[in-house]
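Please consider the following structure, which is a predicted model.

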Amino acid sequence: MWLPDLHRPETAIYDALWKLESDILEDLDLSLDYHTIGGMHISRDHKVVELDIRSKSGSYITDAEVTVSDYLS
């Protein structure tokens, strides 16, 4: 069973953002039918996350940045 690492706040942020994947893609004008978040990279201050956007087949599409506070309070 996987448990979050409570000593690494980025783990909780990543987990929460993955659960909001459809909302994030919609805000970026991308369709969940054709796109997915392939990876996330968080800033040192935990305020911004860079997303790797990929097609459902796995091809790289683009990068996007989201502000953590726009999705998590």
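Strand 1 and strand 2 run antiparallel and are joined by 7 bridges. Within this pairing, G39 has D52 of strand 2 standing opposite. The two strands form a hairpin, with 5 residues lying between strand 1 and strand 2. In that turn, H46 adopts a positive phi of about 65°.

Strand 2 also pairs with strand 3, again in the antiparallel sense and over 7 bridges. D52, the residue that faces G39, stands opposite D63 in strand 3 as well. Here too the strands form a hairpin: 4 residues separate strand 2 from strand 3, and G58 in the turn has a positive phi of about 105°.

In a regular strand, the side chains alternate between the two faces of the sheet.

The discussion now moves to the core. The largest nonpolar core comprises 12 residues, among them I13, L17, I24, M40, V49, L51, I53 and V66. Two or more residues of this core are supplied by each of helix 1 (9–19), helix 2 (21–27), strand 1 (35–42), strand 2 (48–55) and strand 3 (60–67). Strand 2 provides the largest share, 3 residues.

Which residues does L17 contact, leaving aside its neighbours within four places in sequence? The contacts of L17 are I24, M40, V49, Y71 and L72.

Conventions:
Residues are numbered from 1 along each chain as its sequence is written. This is a predicted model: local features need pLDDT of at least 70, side-chain atom pairs count only at pLDDT 80 or more; totals for chains, interfaces and linings use all residues. Side-chain values use heavy atoms; hydrogens and water are left out. A nonpolar core is a set of buried Ala, Val, Leu, Ile, Met, Phe, Trp, Tyr and Cys residues joined through side-chain atoms within 4.5 Å. Buried means under 20% relative accessible area, exposed over 50%, partly exposed in between (1.4 Å probe, protein chains only). Contact means heavy atoms within 4.5 Å. Two strands pair if DSSP finds at least two bridges between them.
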